[in-house]
Amino acid sequence: MIYAKNKNATEEEFIALLEKSKILLLKYLTREKNISPTYFETIVFEKMTEAAEKTIFKGTIQQTGTHAFPDIVANGYFGVEVKMTVNNHWTSTGNSVLESSRIEAVEKIYIMFGKFGGKLNIRYRLYQKCLPEISVTHSPRYRINMDLSDGQSIFDKMGVDYDTLRKSDDTINTVKNYYRTQLKDGEELWWIDPEQDKTVSPVIKPFRGLSEKEKENFIVEAMILFPEMFGNSTTKFERAAAYLITEYNAVSANLRDVFTAGGQMEIKIKRKKIIVPKIYYNMIVRAKAIKKKIDELPEDFFKHYWRIDKLGKNRLLFWKKLLNEKSSNDLSVSVLDIFESGL
């Protein structure tokens with residue numbers, strides 16, 4: 001189907017068409033029961049076609065394919081995305097932020113939203129005006145809220161307008177970078193990135209269900225990416241726990257024990273015997289693996305988890321600096337001496 005871009009109608013004329021369609025829909029749907037999304041979309045198309053009679057839109061109303069965005073096109077320029085809920089509210093899950101199935105000729109898209117819970121009602125509104133947040137299902141999708149106040153859309157929060165974001169070559173990273181700025185201590189993004197060559201299992205397993213190699217990889221990576229675990233904060237393992245879920249699809253009810261179980265250990269550094277917490281011993285025995293892994297991890301990992309914009313050439317040196325800043329102990333030797341004793 002070809003959608004010829006032809007803006008020979010004003011937005012005011014299109015809004016008038018939507019208003020007339022809404023009136024026809026309310027009149028028709030009051031006697032309908034058990035409405036499905038597919039049926040509602042078809043009825044919206046039929047009533048828009050009826051409303052378009054004797055207007056500039058006559059003969060131009062087209063229903064698009066099952067996966068196309070938006071659902072209905074008018075005059076090749078305006079679009080309508082049809083949403084509904086059987087509940088008594090005005091919220092729903094919207095479309096993917098990537099809009100890969102968008103009909104490019106369509107420039108202005110409105111939502112036609114049917115609320116079938118409580119008293120039947122229908123609203124229409126400019127698409128980007130009612131998108132407050134982004135949520136994640138199998139890919140990042142907009143949330144819809146038809147009650148959203150002006151100035152509260154996700155685009156207002158991000159400081160980028162809808163058309164700029166949707167036409168960007170870096171949509172996902174723009175969104176990710178915004179949500180990174182909103183993270184609180186201990187929080188991490190849970191994000192399935194469709195632009196990366198990465199698959200995610202639908203199964204969440206316990207940490208003990210990982211292979212020994214996977215367990216070792218996780219421990220080494222966590223020590224590198226989350227050096228705060230060598231400090232005294234009560235939340236020092238929270239980001240590592242989030243990483244375990246997002247990268248290994250695994251959870252642990254006692255993740256702290258993976259690093260600290262066993263209390264204290266005696267080690268020998270610079271010919272001196274000292275007692276250190278078990279987490280330091282676990283770092284010593286993995287010192288060579290840590291040094292090797294730092295050169296193997298993707299650069300984006302460091303930027304994301306270390307909250308930095310640029311990664312220098314000497315990753316190990318940067319990690320040591322972070323380790324020194326984040327760690328805290330009353331030992332007679334430095335944490336860097338402890339690490340290097342294992343090399």
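How many residues lie between E5 and E6 in the hairpin that they form? The two strands are separated by 5 residues, and Gly 118 in the turn has a positive phi of about 65°. The model is predicted, so to speak of local features a pLDDT of at least 70 is needed, side-chain atom pairs count only at pLDDT 80 or more, and totals for chains, interfaces and linings use all residues. Residues are numbered from 1 along each chain as its sequence is written, and side-chain values use heavy atoms, with hydrogens and water left out.

Strand E5 (residues 108-115) runs antiparallel to strand E6 (residues 121-126), and 6 bridges join them; here helices (H or I, at least four residues) and strands (E, at least two) are DSSP runs, numbered from the N terminus. Within this pair, Gly 114 stands opposite Ile 122 in E6.

Turning to the helices, H6 (residues 212-225) has 14 residues and reaches 20 Å from its first C-alpha to its last, close to the 20 Å expected at 1.5 Å a residue (the expected span is 1.5 Å times one less than the number of residues). Its buried residues include Phe 218, Ile 219 and Leu 225, buried meaning under 20% relative accessible area (1.4 Å probe, protein chains only).

Definitions and conventions. Buried means under 20% relative accessible area, exposed over 50%, partly exposed in between (1.4 Å probe, protein chains only). Two strands pair if DSSP finds at least two bridges between them.
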